[in-house]
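I opened this model to see how the chain is put together. My notes follow in the order I looked things up.

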Amino acid sequence: MGSIFSSRKNKAESLVSAFHSEKAWEEHWKTNQNSTKLMVIHFTASWCGPCRFIEPVIKEFAAKFTDVTFAKIDIDELPSVAEEWMVEAVPTFVFVKKGTEVDKVVGANKEELEKKIEEQRF
């Protein structure tokens with residue numbers, strides 16, 4: 001039974017793309033910026049307690065909302081990307097369609113995050 005759980009966990013983790021270099025992020029952005037598919041960019045930091053709290057929720061949402069692209073960016077690793085998206089607190093979730101920000105959630109509010117994903121995904 002443990003191996004089935006591990007398999008599910010690894011699959012959910014792979015549904016959230018983490019970016020650790022500006023080059024990798026830029027390539028992802030170029031590939032997805034014109035997409036009509038919703039992209040949720042999760043800005044986080046390793047030292048942030050609420051970020052650690054919401055991490056499993058994001059993985060759960062990535063498994064649930066397979067029609068949504070999930071990206072994760074650590075503000076300390078890629079500060080210029082966080083600045084570009086005007087991130088002032090973590091966690092921040094920026095919702096993007098066709099290269100344009102369509103919504104934003106600041107804070108680790110599971111209910112609000114799920115509601116915004118539901119509203120913006122189509």
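I began with contacts, and I count one when heavy atoms lie within 4.5 Å. Among contacts between residues at least 6 apart in sequence, 70% join residues at least 24 apart. I note here that the model is predicted.

**Entry: overall layout**

I listed the elements next. The protein has five helices and five strands. From the N terminus on, I read them as α-β-α-β-α-β-α-β-β-α. I then looked up burial. Of the 122 residues, 42% count as buried. The protein exposes about 7000 Å². Carbon and sulfur atoms supply 52% of that area.

**Entry: aromatic rings**

How many aromatic pairs does the count come to? I get four aromatic pairs. I looked at one of them, formed by Trp 29 and Trp 85. Their geometry is edge-to-face, with 5.4 Å centre to centre and 75° between the planes. Trp 29 lies in helix H2 (residues 22-32), and Trp 85 sits in the loop between helix H4 (79-84) and strand E4 (92-97), so the pair ties together parts that are 56 residues apart in sequence. I checked burial for both: Trp 29 is buried, and Trp 85 is buried too. I also noted that Phe 19, Trp 25, Trp 29 and Trp 85 form one aromatic cluster.

**Entry: the nonpolar cores**

I turned to the cores. The largest nonpolar core has 20 residues. Which residues have the most contacts inside it? I wrote down Trp 25, Ile 41, Phe 43, Ile 73 and Trp 85. H2, E2, strand E3 (69-74), H4 and E4 each supply at least two residues of this core. E2 gives the most, with three residues.

Leaving aside neighbours within four places in sequence, Ile 73 is in contact with Phe 19, Trp 25, Ile 41, His 42, Phe 43, Thr 44, Leu 78 and Val 81. There is also a second, separate core of 16 residues. Its members include Ile 54, Ala 62, Leu 113 and Ile 117.

**Entry: Ala 82**

I moved on to Ala 82, which lies in helix H4. Is Ala 82 buried or exposed? Its relative accessible area is 6%, so I log Ala 82 as buried. Not counting residues up to four places away in sequence, Ala 82 touches Phe 43, Ile 75 and Val 87. For Phe 43 I also looked up the spacing. Ala 82 and Phe 43 are 39 residues apart in sequence and 7.1 Å apart in space, C-alpha to C-alpha.

**Entry: Val 40**

Val 40 lies in strand E2 (residues 39-44). I find Val 40 buried, with a relative accessible area of 1%. I then listed its contacts, leaving aside neighbours within four places in sequence. They are Val 68, Thr 69, Phe 70, Ala 71, Phe 93, Val 94, Phe 95 and Ile 117. I also took one distance to Leu 113. Val 40 and Leu 113 are 73 residues apart in sequence, and 9.9 Å apart in space, C-alpha to C-alpha.

**Entry: the disulfide**

How many disulfides does the structure hold? I find one disulfide. Cys 48 is joined to Cys 51, S to S 2.5 Å. The angle about the S-S bond is 80°, and the link of Cys 48 and Cys 51 is right-handed. I checked burial at both ends. Cys 48 is buried, at a relative accessible area of 4%. Cys 51 is buried as well, at 1%.

**Entry: Gln 120**

My last stop was Gln 120, found in helix H5 (residues 110-120). Is this glutamine, Gln 120, buried or exposed? The cut-off for buried is under 20% relative accessible area. Gln 120 has 17%, so I log Gln 120 as buried. Which residues does Gln 120 touch, not counting those up to four places away in sequence? I list Leu 38, Lys 97, Val 102 and Asp 103. With Asp 103 there is also a polar contact: the two side chains are joined at 3.5 Å.

Terms used:
Residues numbered from 1 in each chain as written. Heavy atoms only, no water. Helix = DSSP H or I, 4+ residues; strand = E, 2+ residues; numbered from the N terminus. Buried < 20%, exposed > 50% of the residue type's maximum accessible area, 1.4 Å probe, protein only. Areas by Shrake-Rupley, 256 points an atom, 1.4 Å probe, with all protein chains shown as cover. Phe/Tyr/Trp six-rings, centres within 6.5 Å; stacked < 30°, edge-to-face > 60°. Disulfide = S-S within 2.5 Å. Polar contact = N/O pair within 3.5 Å; in protein donor to acceptor, adjacent residues only side chain to side chain. Core = buried A, V, L, I, M, F, W, Y, C linked by side-chain atoms within 4.5 Å.
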